[in-house]
Amino acid sequence: MKASTSWMREFADLPASADVNEVAARIADVGFEVAGIEGEVIDFEITANRPDCLSVRGLAREAAVAFGVSGVERPEAPGSGRPDVPGPDVPVTIESELCGRYALAFADVTVGPSPDWLADRLASAGVRPINNVVDVTNYVLLEMGQPMHAFDLARLAGPEIRVRLARAGESLTTLDRQARTLEGSMLVIADRDRAVAVAGVMGGAASEVSASTQRIALESAWFQPATVRATSKRLGLKTEASARFERGADPAAAVAALSRALGLLEEMGAGHRVGRVVDVYPSPQTPRAVTLLRPHLDRLLGDQVPDQDVTRILAGLGFVTDAAAGSDGWHVEVPTWRVDVSREADLIEEVGRHWGINRVPATFPALRAAPHRSDSGVLRGRRIRRVLCGAGLQEAVTFTFMESAAAAPFAADSDSLVTIANPLSEKFAVLRPSLLPGLLDALIYNRRRDITDVRLFEVGAVFSVRGEGHRVGWVLTGARHGHWSDPHTEVDLFDALGVGDLLAEAFGLAWRSEPTEDTAWFVPGRAAALRAGNGTRDDRVGTAGQILPGLLVGRGLPAGVTVVGGEINVDALRAAAKTERRVTPLPRHPAVLRDLSILIDAGLPAASVRGTIRANAPATLVDVREFDRYQGKGVPDGRVSLSLRLTFQDRDRTLTDAEIQQALEAIVGALSGTHGATLRGN
Amino acid sequence: MADTSVEDLKQQFHAALDAARTPAALKALRDDYLGRKHGRVTALVKSIATAPPEDRRTLGAAANTLKQQIEQALKAREAGVAADARPADALDVTLPGRRGWTGRRHPLTQVRERVEDIFMAMGYQVIEGPEVEDDWHNFEALNMPAAHPARDMQDTLYLSSPVPAPDDGRAATLLRTHTSGMQIRYMEQHEPPVRIIAPGRVYRRDNFDATHTPMFTQVEGLVVDEDITLGDLKGTLNAFAEEFFDARVATRFRPSFFPYTEPSAELDVECQGCSGRGCPLCKQTGWIEILGCGMVHPAVFEAVGYDPDRYTGFAFGVGIERLALRLYGVDDIRMFYENDLRFLEQVAL
Ligand SMILES: [Zn+2]
């Protein structure tokens, strides 16, 4: 809302010494942010709750209270008019309760350009001058905040006015020359035959005031905010009028605004009122009454505003205050233009913002109860970040929404994707089903900028039609060590598995990796399901693998780059997480280490070998760990040499060579019998 | 007397051995004691021939022992000195060491956790909640009924079809426009006193440019108790600003409008770039807006079943991106979402 200081001074006795900057600053201090100052024109940002300040008078009222000066109340006179000319007989019918008041006045006019002073004021407020009649309606809109519309009376069939809902399929060409198809929910102004204006939004071209217009019908009405808002949105048509009606105009101002317009027309020599003002106002609004109690005022502000300041502020803003009988406070009558004030807290805000929030002494609230522990998800997120950053992965933050084509390969099925009804663009059309697509795009973004070693992770929400879940995902590409001494070794599946292993360790989760075939985004044969628990139910907590090269090329990565990654459902981690673990006392007796190198079929999973060893070993076997795996010279085709380190330990005694030997023989025998394994080298 | 001279020789040798730390010194020491012509032990052995016959046997044994001891000590020292000698293949110490990979928390995480930590230290509980929300928790309970003009302040992204909610059965229909829904949930489940912050991603149907992204990060706070005042809000947020900016920053509160608070305000801090004198960063105003706040609207208390006559409270919402832009001196918010390692690796480990 742009308002010049000279215009505001017509309604507020502002000190002559206050320049435009000071006026702007004082009004900003009471809640109207200044977007810019040009000459003596200030551009204010008006919050959605204050339609009354979409007007020069409203802003002047705020300025007067801010400066502690009096406002200028000016009763509007409709001019002397032409009593000698008989007025027209135009019946007005309101057929929908969405219109609360409809007033109509008539004037004989000589359409022409506006005088310079008026054209200049409109221009300073950013409104283009059109002709004297239209300009006067816009002038009153800016000054009083009441939208008006002028019809060429000769173009209204009847002539009569009916305020009704549009008929289905009814159409209207609006002033902006757009042909618009109306819907049955839209309120229109109609003459005898058809719609002539979209109520509160824009008039029709057919009844527009033109150079040949001789008699006008001036409309000043009140429409229900929600209907104007809905219609304006539906038509994609925002106007100065709709902006005010949809936030709430002052129903009491309708006739005063007509008077002001008629007075202006006469003053400019542009026309004269004829006939009487028609005013259909079925249930006149009475001002709301609100009680403001002193203890409530003091309690909410934490400050004591003196009585005379409370009443000065409220009265200056147009509230009528009366000391409340029998209690410490005031009965307050709310002016009809203050659509935002309906209860005590609203009045306290009025007092607070004009008293000055900055004057209220700062205090600190007492902590009266022990604070609760933060949500487990918050602490879990922190732990994941600590572990993965420590492992040399960089945290990424990627968008929750993405284009459908990027998301689809990672969804269980395309029907499970959550789509956005009104996306900003196709790039933000669906909610991510997985963290991997966003991470991969970030990885590719870096690769395309010649950053070859990329290690990223993200913690965040994923979505499917079944609901929201929480995951941690990671992607790795480039050199494994990133050191000049080993530039050629690239990351592989086991780097991705290792990240999962770290997380499992961090959350005290016993888990295992198994081959899987149902991850369409991983290379077949290089995809693992990460499972926790005993395998009797769906205990999959995540996946890891090598990303399909075709997917990556499709997203812009040059061919031939290996990328691995994985993802874990952190809701599962939350369920399993033991954040504090008891330690067991260290053993007093030495452990015995034995290395075992065996030849097995290349396709035999290590987990099977481990399982056979454990199943055939005494309880003193406490750890089995692979430390070498070799194929090539000295190993027959189709076989692989696997070396394992076995750790034997007993808490209570030192193990003897004989029993270790016996255990090893049993293990080797079982490996040979079960897997056809043979001892190597020896 | 001959014993004494053996003992003397031994002590002298060990003193000399301690000082001999190079191959050359060891060679000299060997010659000095074991040299064929002038070696001191050699001389001792030769002198046995002139000793009284009854002493020769003892003296001979002592001299031999000494010779062997010296030989052994020299050998051990020579081996040690050889191992410590400069290797033939010297390494280039100007090459980079093996440091392993380093990872950092994302700058938005760092700022968010910093805000969380400040409030946790003031006794706040950090809570989390769903990013897809239902209309009640995102709007209605926050004094924004359907068709409320304030809904336009937060242009909302809606889901094509509802998604089940994990907790209370209300299906989610939209992407949350703020984290206030979590505060409603919390109040629905807990009685006052309340002292929480709710961090998280929020979504608006905003253009994607240097100052707007359709997704951003917020931390909202809520305190409810008997007799919570606007002064308490000021004291709390002043303390936060001082701790966050690590300085005695001037603050100012400007009245504003939010549907769920009354009175509402915006908090500005003195511009760090110009100390309040005015610069391009603060658009010459000397102030930077950092958050919105206010006293909880009684309609919100009514929506969650709190008695507005008994309880008052305050709420605030901080935009993490906005703080991060200031903190890191970044002028394009999109940088936070590009995940360019050249940017991410500039922030603290
Ligand atoms: Zn500045």
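The following conversation concerns a predicted model and some of its local features.

Biologist: What should I know about the model before we start?

Modeller: The model is predicted, so local features need pLDDT of at least 70 and side-chain atom pairs count only at pLDDT 80 or more, while totals for chains, interfaces and linings use all residues. Residues are numbered from 1 along each chain as its sequence is written, chains are lettered from A and ligands numbered from 1 in the order in which they are written, and side-chain values use heavy atoms, with hydrogens and water left out.

Biologist: Which residues coordinate the zinc ion?

Modeller: Cys271(B), Cys274(B), Cys279(B) and Cys282(B) coordinate the zinc ion through their SG atoms, at 2.2 to 2.3 Å. Donors are N, O and S atoms within 2.8 Å of the metal (3.2 Å for Na, K and Ca); water is not among the atoms, so sites may look incomplete.

Biologist: And what spacing do the donors follow along the chain?

Modeller: The donors of the zinc ion follow C-x2-C-x4-C-x2-C.

Biologist: Why is the arrangement around the zinc ion called tetrahedral?

Modeller: Because the four donor atoms subtend angles of 105 to 112°; four donors count as tetrahedral if all angles lie between 85 and 135 degrees.

Biologist: Is Cys282(B) buried or exposed?

Modeller: Cys282(B) is buried, at 4% relative accessibility. Cys279(B) is buried too, with a relative accessible area of 13%. Buried means under 20% relative accessible area, exposed over 50%, and partly exposed in between (1.4 Å probe, protein chains only).

Biologist: Changing topic, where is Pro96(B)?

Modeller: Pro96(B) lies in the loop between α4 (53–83) and α5 of chain B. Helices (H or I, at least four residues) and strands (E, at least two) are DSSP runs, numbered from the N terminus. Pro96(B) is exposed, at a relative accessible area of 53%.

Biologist: What does Pro96(B) touch?

Modeller: Leaving aside residues up to four places away in sequence, Pro96(B) touches His483(A) and Trp484(A). Contact means heavy atoms within 4.5 Å.

Biologist: Where are cis peptide bonds found?

Modeller: One joins Gly158(A) and Pro159(A), with omega about -10°. Another joins Glu262(B) and Pro263(B), with omega about -5°. Pro159(A) is in the loop between β6 (148–152) and β7 (161–165) of chain A, whereas Pro263(B) lies in strand β8 (residues 261–270) of chain B.

Key
Tetrahedral: all angles 85-135°; square planar, octahedral: opposite > 155°, others 65-115°.
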